[in-house]
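Please look at the sequence and the model below before reading on. The report then takes up selected features in turn.

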Amino acid sequence: MRSHFLVATFYDPDRLMNALRVIRRENFRVYDVYAPYPIHGIDKVIGIRKTRLPWVTFVVGLSALTFALLMQFYMAVLDWPLNVGGKPDNSTLAFIPITFEATVLLGGLSIAAAFLFRARLYPGKKEQLIVDGVTNDVFALVLRKRSDSIDLRHARELLKQNGANVILEKEAEL
Amino acid sequence: MSAVPVTNPSLSASRRTVEPQTLPLPRWVDGNPTLGEITDDIAHPLEGKPGKGWWICFAIAFAALLNLGGMVTWLIAKGIGVWGLNNSVGWAFDITNFVFWIGIGHAGTLISAILLLFRQQWRTSINRSAEAMTIFAVLCAAMFPGIHMGRPWDAFFIFPYPNQRGPLWVNFRSPLVWDVVAISTYFTISLVFWYLGMIPDLATLRDRAANKIKKIIFQVLSMGWNGSQRTWARYEIVCLVLAGLATPLVLSVHSIVSMDFATSVIPGWHTTIFPPYFVAGAIYSGFGMVLTLLLITRQTMHLERYITMRHLDKMAKVLMLTGMIVSYAYATEFFSAWYGGNLYERYHFINRATGPYAWCFYLMVLGNVITPQLLWFQKIRSSVAALFVVSILVNIGMWLERFVIIVVSLHRAFLPSGWGMFYPTKIDIGILIGAFGLFFTCFLLFIRFLPMIAIWEIKGVVGHGAHKMALSDDRAEMEASHA
């Protein structure tokens, strides 16, 4: 879906942050900010909720832990007990290392996969760059024009006053 | 920023107050490169033609790799009798190399995960190459148990898969099984961590690629990354979670490797100190190898601006610390052997220091006990040449440590009638050299085709006003609200 955007570019993240605060004070909603590196503290200014991705690791890790323990118990105790040096079939403590590794492996892979899924990144996806250089040295503040309710002229003015380099309107798919 | 302590002369000396000071932020990149210049500097070696030095190194490494291929083929065709193994010494160069390479693989995760959790900014210049090194080292390590099996085509038997032999499952009480699981997990998680960390940089390279084929490759690899802060916010949390997972993982891997030895009853192996001792040794040897590689790449690829003397100094200090932990473990081993009163254990340690392999022991002490002490001196920590020599000595010392633990313990275990000597054959030595060939071939290809310094992380610690990246979110906000 293509939408209409107002894009302001900056060369300096401090100026960008400043402009962001002004824009937010005037009750504009920020669509997103594009930058070559993560700017800390920006999430709250533009109202990004804290990600819930760590829960994926927690749930999958817990499941992997249970699964690995049960699997070893089933294999070593129920299905085919092996007598190795007279050790008990159910050597739970000896099952811990594999349980731990399985927890870490599946917990780690799951959050990586969940991240790619949530951020809609996949191999070969055509990149949608709002302006050139956002992966190099340009910071772009983007407002979305949903209806006529947003006063673009006012927004432009505010951005200009607060050190935006280039301000342009653009139709794009982000 | 740098407030001078102010004293109020009107107050009496006893009530004198000193205003809190803010220390200047450490600078981890020399000069004041702009964000664009950082990209240019790091992408430059990937875009030009490699120099003569690279080709010479590559030719040597590749020749060693070809040699590895030939040696391994010969080994598999003839059986492991072509090695110098015998009834007394059933593990020698193969397992020594295995433990050595796994140890090398530990520094990468330490730098990228543990130092990330500790918010150490200096890691940003070295984490990418250290992570790559981890992956290549684990690759080398994983090869050795495989070829040591004698029937490598049956290697998959070690995994508990439903089979038609019962199903007969693997023995989950065996550290050798834990080892396989731990190393596969470690390799997978390191690879994911490394690749995920590289996605933003691959996008940067994609957007500046002049060549069409390069552009397509980077396009596929960078997964459509566009620098959105929403994605960045999630991305950083994901990296943090992965670091949190990788930290206990890295400690577990070498602990489990050490249990291959510690759970047996051979004198010299049967000690409870092994897990922490092996982990410290792994970090020590890993840092030694990181230092060797970084010093070479720094000098040949002119990255002095990003890998500064201050980075080398920090690394030397970590090397010194872990070296001293290793030395302490050596001393504890000897003390326990004497104090424990077990005759076999006591004989083993006397034999270690005076027996036929004593020269290995003393070379090991030179590399791992004496060498790290040199790093007390600022003169040595600030000299590239001296650090290079130190790092090579560390590598040699740590290889010998594993040789001493494995071969010296086995060659005279309990019954004198079972004593013997181990002498490496040409194939042993060829495979030792070949593993270095595999490692360096991979590493040279890496520095040629992928960004060896994390571009986005460097920008984060250098960028204008971007020092906040290293601070916690709360502090960044506090600073922002003061501004």
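## The model

This is a predicted model, in which local features need pLDDT of at least 70 and side-chain atom pairs count only at pLDDT 80 or more, while totals for chains, interfaces and linings use all residues. Residues are numbered from 1 along each chain as its sequence is written, and chains are lettered from A and ligands numbered from 1 in the order in which they are written.

## Domains of chain A

Chain A is assigned domain 1 (3-36 + 133-172) and domain 2 (53-118); such bounds come from an automatic or database domain assignment. Taken over C-alpha atoms, the centres of domain 1 and domain 2 of chain A are 48 Å apart.

## The sheet of chain A

Chain A has an open sheet of four strands in the order β2-β3-β1-β4, with antiparallel pairing. Strands here are DSSP runs (E, at least two residues), numbered from the N terminus, and two of them pair if DSSP finds at least two bridges between them. β2 (30-34) and β4 (166-172) of chain A are at the edges with a single partner strand each, so one side of each has no neighbour in the sheet.

Between β2(A) and β3 (residues 139-145) of chain A there are four bridges, in the antiparallel sense. Tyr34(A) has Ala140(A) in β3(A) as its bridge partner.

## A residue of chain B

Asn32(B) is in the segment before α1 (35-47) of chain B; helices are DSSP runs (H or I, at least four residues). Is Asn32(B) buried or exposed? Asn32(B) is exposed, because 9 other C-beta atoms lie within 10 Å, and the cut-off for exposed is 12 or fewer, with C-beta atoms placed from the backbone. The C-alpha atoms of Asn32(B) and Pro152(B) are 54 Å apart, and the two residues are 120 residues apart along the chain.

Methods. A residue is buried if 20 or more other C-beta atoms lie within 10 Å of its own, exposed if 12 or fewer, and partly exposed in between; C-beta atoms are placed from the backbone.
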